Amino acid sequence: MDPVASAVRLEVQEAVHILSSSEDGGHIVSTLQSLRRYLGETETQAPPGEQEEFSRTHFSTVLRCVVGKLSPNWLDLLPDGQLKELWASFFLEGPADQAFLVLMESIEGAASPSFRLMKMAQLLARFLSAGRMAAVMEGQCGQQAGPASRLLQETLLTRVVGLPDRLGNRLQREMLAAFFPQNYFPLLGEEVLRVLQAVVDSLRGGLDCSVSFLSQVLGKACVHGRQKELLGVLVPRLMVLTQGNCLWQRVCWRLVECVPDQAMEAVLKGLVEAAPGPEVLSRLLGNLVTKSKKAQFVMTRKLLFLQYSCSTPVLQSLLGYLAMDSQRRPLLVQALKELLETWGSSSAIRHAPLEQQRYVSKAVLICLAHLGEAELRACRDELLASLMDGVKNRLDSSLPPVRRLGMTVAEVASARLHPEGPSLKFQYEEDELTREILALAAPWPMPDGPSEAGLPVAPVGGESPDQETVDGGGPQAGREGSDSELDSDDELVPYDMSGDREQRNSKTPAYVRDCLEALTASENWERWEAALQALEGLVLKSPAATREVSLELAKVLLHLEEKTVIAGFEGLRQRALVAVTVTDPARVLVLAAQELSRPGCLRRAAQQGSPGPGSQPSVAAVPAWQAVVEERVRRKTRRFCKGSAGWAAAAGPNEFNAVAGYFFFPLLQRFDRPVVTFDLLGDDQLVLGRLAHALGALMYLAVNTVVAVSMGKALLEFVWALRFHRDAYVRRGLLSAISSVLLSVPAERLLADLPDELLEARSWLADVAEQDADEDCRLLAVKALLVLEKLRDRLLPLSSP
C-alpha cells in the first residue's frame, strides 16, 4: 500500500475513534485541529499528496462522524461556541461537493423536528451565503467524463435544483427564508455567473473547461418552472458581458447548446421572454437553431404554432432573431409559409381558439415585415395562394372577430406581397387588435442589406435588361417589318415541358380531422386522394388528436371504398387503419370485440333490409276457423299492460369466438419485456393499467367461447404476477380482470380447469378487501368475492388437505 495513503488512513481512523467516544472538549478540539491541516488552512498544513488523499477518501467519513455527534451537550463542551465554529469550518472550508452532499444527507435523515435538523439547516444557509454553491458547480466543470463522475453529477444536480422542495418537506413551518424558491434561485443564478466567469478566466489561461453541468442545472431549473427567478438574474448580466466580447458569446452559446433535449423548450422559452430584443437573443444563442434540431423545432414550430401565450414584443424578438443572420433567414421564410397555411386552414379557423388565431396573424405580419423584396418575390405565388384561401375561409365564418381578422391581415399582407398590383380594401370597424396589426405592417430594416439573405438583388430603379433592347435600334427595327414577319412563329424556340408535373388544386390536409372530413363528406376526388395518402403520417405525428376521433376514423377506414383509381389503395387504407389501432388500441379493439360478441349482430344487419318473398308467413295459410277463434279470444281478454312490440333478442353463437385469441393473446404476450419506447413494469404505469382494463373487457366479451378457459387461465396468471403493484389504477384493472374471468367462464369449467387459480385469487381478494389503501380497489375486491361466494361450497372441499 502507498505509505502516504496508509499514514493518512491510520491517523483518520484514530481521530474518528476519539471523536466518537471522547467527552473531553480539549481532546476533541485538538483532534479536529489536527485534521484541519489536511484542508490546507493551518500554518502546519499537510503535504499536497496527503491533502489530496484525505479529500478524496476520508473527508466524507470525518463529516459524517461529526454530524453524528451533534447535540446540545456536545457543542457545550467548550465555552463561547468554540467547538461549534471549529465543527462548522469543516463544511465551509473543505471540498464543497462532499460537504454539500453530507449536509443534504444529514438533513434528509434527521428526525423532524429536532435540534440536529435545525442546526444542519442553519449551517446549509451559511454554506449558501458564503458562496460555496459556486464551488460545488465549479468543481464539476473540470471533471473527466466517466461512470463515477456522471453518477456524482446526477446526484448533485438533483439536490442543487431540488433543494427548496427537499428542505420544504423536511422543515415545513420552520423553513428558513434562504431556502424559499424566490430567494434561492436568484442566488443560484449569481453562483452560475461566478462559475461562468471562472470558466472564461480558465479559457483565457489556456485550460480546458466544460459547462455541461451548468447547462444541466439551467435546464432542470427551467423545467421546474423557475425561468423567471434564474434567467431574471442571468440574462441582464450576460447581455452586458457578451456585448463586444467574442469569448463570452462562445461560452453562452455552448451553455445553451449543452442543455438536454428534454429541457430545451423550457430554456428557450425563458430566454426569449427574458431577452429585451432580437440583438440580445442573437448574442446569447448564436446560430443554435441551425445546429440543434430540437432547438429548431422549438423556435420555428412549438413557440409559433402550439403555444400562443407569448406577448407581441416576445414574438417580435423571436422572429427578429431568425431574421438577423443569413443562415437563419431560410427558417424565417419557411415559417412564414407554414404560418400562412395554418392561418388559412378551414379546420384551424373552426377549431383553434380566437387568441391563437390572433397570435398566428401577428406572427405572419411580423415575418412579412422582416423579409426583403427579393425574398418575397421568390415565393410570392405560393404565399398569395395561401393568403387568398385563408381570406375566403375567414369571410365564410359566422364569427365577426374572425372575419375582421381576415380582412385586416389580407389588406396588410396583400400590400406587402404585391405592392405593384391593386390592393385589397374592406370595410370593418377598427378596434385595438386591428390597430395593433396595422402597426406591425411597417417593414424592418435588413441586417446588412438584401445581399445577406442570400438572394439576388433587383436592379436599381426597377430597370430590366429587356428595356434597353426595346429602346435600341435593332429590335425596334424589327417591329417596323411586314405583318407576315410579325405573324410568323418559325423563329420561336419550343419550351421544354418534360419536367412539368400536374398541379393539384387542393392542398394536402394538415390535420387528422381534415382527413376524416375529406374521406367522409368531400366530393373533391383530389382532396380525397390527398387525405388518404397523408392520413398514416398525420396519425403517427399527432396521436393526441387521433385519439379524439379514433373510433370514427376506424369505422370510416373499415368501410372505405375506392372512389378513384389510386395506386396502392388497399395498402394505404391498411397502413392507416393499423396506425389508428396502434395509436388508440384499447378503444378500437374493444369496440370491435364488443360488436362481434353481440348475439345475432350479423343477422340483425341482414334483417334490417327489405324482406324477401318468403320472409313473413302468409295470412292465407292460416285456416279461417282458427282466425275467427283467435279474434274472439283477443276481444274477450283483458290486458292491464302490453309488452314491447319489438322483436325479442336474437339468440345465436358468439361471433367473437373465432377471433378472440387474435385480440387477446398478442396484447398479453410481452408485457414483461421492456422495449425502447416504453417499459410496462417500469415508469409506464398508465399504459399497464389500460392494458389490464382492456384485457378484462376482452375476457368479458369472450363469454360462451371455446377459448374462454385458456384466456381465463392466462389472465389469472397475469393478475397473480402483478397483484402487489404499487399503482392503484393498475390494481383496479387487475380486479376487474378477475371479475371478468368469473363472469365469462362457466362455473363447472372454473372448478374443473382452474381450481388452484381460484383459491389463490380468493385469498388475494380477501386481503385487498380488508387492507388495500384505495377505496375503489376494496370495492372491486368485495364485488369479486360476492361472485366467488356462489362457488364457496364447491371450493371448500378443494382447499381441505
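Of the 801 residues in the protein chain, 44% are buried (under 20% relative accessible area with a 1.4 Å probe, protein chains only; over 50% is exposed, and values in between are partly exposed). The structure is a predicted model, in which local features need pLDDT of at least 70, side-chain atom pairs count only at pLDDT 80 or more, and totals for chains, interfaces and linings use all residues. Residues are numbered from 1 along each chain as its sequence is written, and side-chain values use heavy atoms, with hydrogens and water left out.

The protein chain holds 45 helices and 0 strands. Both are DSSP runs, numbered from the N terminus: helices are H or I with at least four residues, strands E with at least two. Contacts (heavy atoms within 4.5 Å) were also sorted by sequence separation. Among those in the protein chain with a separation of 6 or more, 73% join residues 24 or more positions apart.

Two packed helices are described by the angle between their axes and the distance between the axes. Here, axes are lines fitted to C-alpha atoms, for helices over the stretch in contact, and angles run from 0 to 180 degrees between N-to-C directions. Angles under 35 degrees count as roughly parallel, over 145 as roughly antiparallel, 65 to 115 as roughly perpendicular and the rest as oblique. A crossing is left-handed if the near helix is turned anticlockwise from the far one by less than a right angle, and right-handed if clockwise.

Helix H7 (residues 115–129) packs with H10 at an angle of about 155°, the axes being 12 Å apart. H7 is therefore roughly antiparallel to H10. Their crossing is left-handed. H7 contributes Leu117, Met118, Ala121 and Leu124, and H10 contributes Leu163, Leu167, Arg170 and Leu171. The contact of H7 with H10 comprises 7 nonpolar, no polar and 1 charged residues. In this classification, Ala, Val, Leu, Ile, Met, Phe, Trp, Tyr, Cys and Pro are nonpolar, Asp, Glu, Lys and Arg are charged, and the others, Gly among them, are polar.

In H10 itself (residues 163–171), the buried residues include Leu163, Pro164, Leu167, Arg170 and Leu171. These cover an arc of only 135° around the axis, so they lie on the same side of H10. The arc is that of the directions from the helix axis to the C-beta atoms. Glutamine 172 follows H10 and has a positive phi, near 55°.

H7 also meets helix H5 (residues 82–93). The two axes come within 10 Å and cross at roughly 55°. H5 and H7 are therefore oblique to each other. The crossing of H5 and H7 is right-handed. Lys84, Glu85, Trp87, Ala88, Phe91 and Leu92 of H5 contact Lys119, Met120, Leu123, Arg126 and Phe127 of H7. The contact of H5 with H7 has 7 nonpolar, no polar and 4 charged residues.Helices H40 (residues 708–721) and H41 (residues 728–744) have axes that come within 10 Å and cross at roughly 155°. H40 is thus roughly antiparallel to H41. The crossing of H40 and H41 is left-handed. Gly712, Leu715, Leu716, Phe718 and Val719 in H40 touch Leu734, Ala737, Ile738 and Val741 in H41. The residues of the contact of H40 with H41 comprise 8 nonpolar, 1 polar and no charged.

Histidine 351 lies in helix H21 (residues 346–351). Its relative accessibility is 49%, so histidine 351 counts as partly exposed. The C-alpha atoms of histidine 351 and arginine 513 are separated by 10.0 Å, with the two residues 162 residues apart along the chain.
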